[in-house]
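Q: Please take one part of this model and describe it closely, following its connections into the rest of the chain.

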Amino acid sequence: MSYTVESLALLFVAGLVCSLVFTGMARGLGRRVGLVDLPDGRRKIHTRIVPLVGGIAVFFSMVLVLSIAFSRPGSLADDVSEQSREVLGLLGAATLICAVGVLDDSRGLRGRYKLLGQFAAIGILLATGVQVRAVALFGVDIELGWIGLPLTAFWLLGAINSLNLLDGMDGLLGTVGTIICLAVAGMAAMNQHMVGACIAIVLAGSLVGFLRYNLPPASVFLGDAGSMLVGLVIGVLAIQCSLKGPATVALAAPFALMTLPIFDSTAAVLRRKLTGRSIFSTDRGHLHHCMLRCGLSRPRILLIVSALCALTVVGVLGSIAIRSESLAILSAAAVVVILIATRLFGHAEFVLLTKSLKEYVRASAGFGRAGRELEVRLQGSAGWSVMWTSIVSHAEQLNLRSVALDVNAPAHHEGYHARWSGPAAVRSDETVECWSAVILLTAWGQTIGQVAVSGHPDSDPVWRKLSVLASVTDGVETVLAGTAPAVPVLTGHGPLVASSTA
């Protein structure tokens, strides 16, 4: 079918105008009903109360404009009629994910309930025909069979949460989402998926209207309702608009378009798993946090992020035009390499991953009998390495099995991880009883990290060993003093939590 550029431009403008009006109205309503985001002094970087209603405005703008466009007689209405099941499924899933987001924004849902809502929305999509049954890469079509269902769910879940995690700075997600939506619209038009092109272009227009209120300094946030909505819609359209045949997805295009969100969320998972933290823990290690620490202003960050997104867009659209998936893959790889090489983002995670892999290989090959050590500064400039050197020297003297220092202090912009295993930890006899304990590191009434230690029983009492280590960690506030606000220094060490294991 033919659907002109002028028609798509009109839909973009309609989404923009509706979003401008709805966001302005919702901003005042959000303050009146208390649907606002409060500063926490830990992970969040804003310092004032901001309404969390942008996502609601974007949702209603999309629904209104698309309802009018899809109901008008013509070739577009005919296409919508043919794909009514998928379109209604997307509408139902978007409504549900937006409702879950509003509940989370207003009441703070527990992680498992939020995840349950995401799975319910994905279930609607799967039930209405959104499924990848085959993927194409470098000219090879791979039939997925039954595994296509969980892989589709995994992709959608990743899209929802990666964009949700990226929403941490004024204008960031709105900018990234707009660029990706415009790229999806272009990709859909090139592949003759005009219903998807219309949905993507309306969402792009709605996000631009929202950005009027969200660019620094923001007066409205998207909230989880908006960030999860954008992730869900982009995740679905990236699949549907890159189809080469019936349910066969050209794999490179959607992954390349999502390079920044995927890289940000992957780095977060690696950072947390390799340091022994929960993947649901919070920190200031995301893309925007790292760029801010590099001294970049928020407008400059948005400019750099836009340029990187544009690079992947050029790669994706170019790969479709010349039918070469290599171009999309190279553009995505270039973005990752640029960020790591310039140390704007991902360098600490790269070092942590490579050191962990080396440690694993050495241990597997039997070269770690003399003990192993890993040390990585994740963020900040405090003198944790001095404390760590002292901890390791005492660990050797006390004949400990292992010790690990982990600092996660978002409020102080500090992150540090180090671990050491003595010869006793790598001996073949692992049936010997051992003890373990955790010394919590506290500063000005807040827990900012821990020292985890283990050892085999010997003639030296465990309480004495813990007392020695606790005295070494007494200076946590002194270490932070160079980077933290001026606060009276208190004495004393963190509480001890000990447990025995066999």
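Where is the place of His413, between which two elements?

A: His413 is in the loop between strand E8 and strand E9 (414-421), strands being DSSP E runs of at least two residues and helices H or I runs of at least four, both numbered from the N terminus. The model is predicted, so local features are given only where pLDDT is at least 70 and side-chain atom pairs only at pLDDT 80 or more, while totals for chains, interfaces and linings use all residues. Residues are numbered from 1 along each chain as its sequence is written, and side-chain values use heavy atoms, with hydrogens and water left out.

With a relative accessibility of 36%, His413 counts as partly exposed, the class between buried (under 20% relative accessible area) and exposed (over 50%), computed with a 1.4 Å probe on protein chains only.

Asp406 lies in E8 (residues 400-409) and Arg277 in the loop between helices H11 and H12, so their pairing ties together parts that are 129 residues apart in sequence. The pair is a salt bridge whose closest N and O atoms are 2.8 Å apart; the term requires a side-chain nitrogen of Lys or Arg within 4 Å of a carboxyl oxygen of Asp or Glu. Both partners, Arg277 and Asp406, are buried.

Just after H11, Gly276 takes a positive phi of about 80 degrees. H11 itself has 16 residues, which at 1.5 Å a residue should span 22 Å, and the 22 Å between its end C-alpha atoms agrees with this, the expected span being 1.5 Å times one less than the number of residues. Its buried residues are Thr259, Leu260, Pro261, Phe263, Asp264, Ser265, Ala267, Ala268, Arg271 and Arg272.

Arg272 also takes part in a salt bridge, with Asp283, where the closest N and O atoms are 3.4 Å apart. This pair links distant parts of the chain, since Arg272 is in H11 (residues 259-274) whereas Asp283 is in the loop between H11 and helix H12 (287-293), eleven residues away. Arg272 and Asp283 are both buried. Salt bridges with shared partners join Arg271, Arg272, Asp283 and Glu349 into one network.

Beyond this region, the structure holds ten salt bridges, and one of them pairs the side chains of Asp104 and Lys114, with an N to O distance of 3.3 Å. Asp104 belongs to helix H4 (residues 84-107) and Lys114 to helix H5 (residues 111-127), ten residues apart, and here too the pair links distant parts of the chain. Asp104 and Lys114 are buried as well.

Gln192, in the loop between helix H7 (172-190) and helix H8, is not a glycine but has a positive phi of about 65 degrees. In the loop between H8 and helix H9 (223-240), where Pro217 is found, the peptide bond from Pro216 to Pro217 is cis, with omega near -5 degrees.
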